[in-house]
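Here is a guided walk through one structure. Keep the sequence and the 3D view open as you read.

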Amino acid sequence: MRRHRIAAMGGDGIGPEVIAAGCRVLDAVAEADGGFTFTTETFDWGSAMYRATGRMMPADGLDRLKDFDAIFFGAVGAPDIPDHITLWELRLAICQGFDQYANVRPTRLLPGVVGPLREDLGRRIDWVIVRENSEGEYSGVGGRAHRGLPIEVGMDVAVFTRAGVERICRYACELAMTRPRKKLTVVTKSNAQRHGLVMWDEVCAEVTAQFPELTVDKMLVDAMTARMVMKPETIDTVVATNLHADILSDLASALAGSLGIGATGNIDPTRKRPSMFEPIHGSAFDITGKGIANPLGSFWTASMMLEHLGEGDAARRLMRAVEAVTARGEVLTPDLGGRATTAEVTDAVIAALKGANL
Ligand code: NAD
Ligand code: MN
């Protein structure tokens with residue numbers, strides 16, 4: 001029996017609600033598969049801990065996580081704590097501390113879900129956005145001086161390294177090669193950002209040249225937003241900087257219907273440290289505690305985590321169960337126009353998992 005050790009960390013707001021639902025579904029997947037089990041440990045780190053102790057996670061937090069096979073993460077953010085604190089001291093502390101340098105976001109319009117694009121366009125969305133997750137515009141380098149004076153200055157320095165660009169581009173090429181269309185779009189803004197992003201273009205040209213079967217094109221990020229809306233079928237795998245891909249991937253999620261569905265993985269491709277998987281949405285204060293958070297993003301996240309753990313069959317089985325539920329259109333949460341609760345959607349997916357035809 002294969003055993004996977006999971007650190008489940010709900011975080012704030014609806015995070016714990018959707019991660020608890022995800023853990024129920026993961027146990028059901030393991031039971032249906034029969035070849036593996038999960039040992040799950042729950043961590044209550046986040047804003048409540050910050051209010052009590054002044055820290056979003058214990059000082060030895062990374063040490064306590066380092067031996068898990070994966071981290072299943074909810075969301076961070078609370079109305080009474082600045083977002084840059086909750087983000088940097090928990091989520092980014094883990095991403096950067098474990099050098100999870102590839103952030104991977106698959107996007108598809110699930111059956112039964114209505115997106116904002118015309119149906120014939122929306123159905124053609126089948127993308128994976130690969131975001132550089134360790135440096136660039138979110139390097140944390142910068143500073144503020146002369147506070148409050150007319151000469152006050154604030155700087156966020158975008159740091160690009162050859163090694164950083166090389167490894168994310170290689171990861172994106174390898175990922176694109178596993179997909180049927182074998183197609184990669186390299187996104188930058190190297191007309192305006194004439195140092196780091198010109199280097200990005202050069203390094204990506206060198207790396208992609210090592211993948212002769214790959215179809216590669218280049219696009220400026222502003223034009224890319226228009227292409228995603230107007231010609232979604234021309235896009236397959238995308239690689240971009242931390243900031244650019246952050247923005248593109250939110251657009252991608254919106255085009256796929258709801259923030260409540262999308263999933264993402266923060267991957268350490270070297271597998272020396274645990275990777276972290278999370279739904280894309282935030283802590284959603286407006287619906288916290290109401291029992292109506294959409295858990296499908298957490299389930300898609302769980303499927304990505306299964307794939308990473310080498311349980312590809314179980315990962316696909318879980319997505320088929322999710323799609324069977326969305327396609328029926330009866331058991332959906334309010335964000336998808338339905339009236340179901342988190343628990344009802346979870347029960348429906350577990351029932352679908354037990355269905356013989358999956
Ligand atoms: P949000 O994703 O929390 O919510 C945006 C809207 O989408 C809300 O109306 C919310 O109710 C809805 N929504 C989100 N997830 C849903 C789900 N699963 N089911 C149903 N509806 C859902 O984004 P926000 O309001 O901009 O941010 C709230 C807090 O979350 C902020 O503190 C922000 O910093 C944080 N945040 C964290 C992450 C993260 O942890 N990765 C991501 C985004 C935002
Ligand atoms: Mn974002």
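How far apart do the C-alpha centres of domain 1 and domain 2 lie? They lie 25 Å apart. This is a predicted model, in which local features need pLDDT of at least 70 and side-chain atom pairs count only at pLDDT 80 or more, while totals for chains, interfaces and linings use all residues. Residues are numbered from 1 along each chain as its sequence is written, and chains are lettered from A and ligands numbered from 1 in the order in which they are written.

Start with the domains. Domain 1 covers 1–100 + 265–357, and domain 2 covers 115–256. These bounds come from an automatic or database domain assignment. Seven residues of domain 1 are in contact with four residues of domain 2. Two residues are in contact here if their C-beta atoms, placed from the backbone, lie within 7 Å.

Now look inside. The largest nonpolar core has 97 residues. A nonpolar core is a set of buried Ala, Val, Leu, Ile, Met, Phe, Trp, Tyr and Cys residues joined through C-beta atoms within 7 Å. Buried means that 20 or more other C-beta atoms lie within 10 Å of a residue's own; exposed means 12 or fewer, and partly exposed is in between, with C-beta atoms placed from the backbone. Ile71, Phe72, Val239, Leu318 and Val349 have the most contacts inside this core. Its largest share, eight residues, comes from helix H1, residues 15–33. Both domain 1 and domain 2 give residues to the core, so it lies between them. In soluble globular proteins, nonpolar side chains tend to be buried together.

Next, follow the helices. Helices (H or I, at least four residues) and strands (E, at least two) are DSSP runs, numbered from the N terminus. H1 packs with helix H10 (residues 296–308) at an angle of about 50°, their axes 9 Å apart. Axes are lines fitted to C-alpha atoms, for helices over the stretch in contact, and angles run from 0 to 180 degrees between N-to-C directions. The angle makes H1 oblique to H10. Angles under 35 degrees count as roughly parallel, over 145 as roughly antiparallel, 65 to 115 as roughly perpendicular and the rest as oblique. On the H1 side, the contact includes Val18, Val25 and Val29. On the H10 side, Phe299 and Leu306 are among the partners.

Helix H11 (residues 312–328) and helix H12 (residues 342–354) form another pair. Their axes come within 8 Å and cross at roughly 120°. H11 and H12 are therefore oblique to each other. Arg317, Leu318 and Val325 are among the H11 residues that meet H12, where Val345, Val349 and Leu353 are among the partners. What does valine 349 touch, not counting residues up to four places away in sequence? Valine 349 touches Val25, Phe299, Ala321, Val322 and Val325.

Finally, turn to two loops. Most residues other than glycine have a negative phi. Histidine 146 has a positive phi of about 55° although it is not a glycine. Histidine 146 sits in the loop between strand E6 (142–145) and strand E7 (153–156). It counts as exposed, with 10 C-beta neighbours inside 10 Å. Arginine 271 has a positive phi too, of about 60°, and is not a glycine. Its loop runs between strand E11 (263–267) and strand E12 (275–279). With 10 C-beta neighbours inside 10 Å, arginine 271 counts as exposed.
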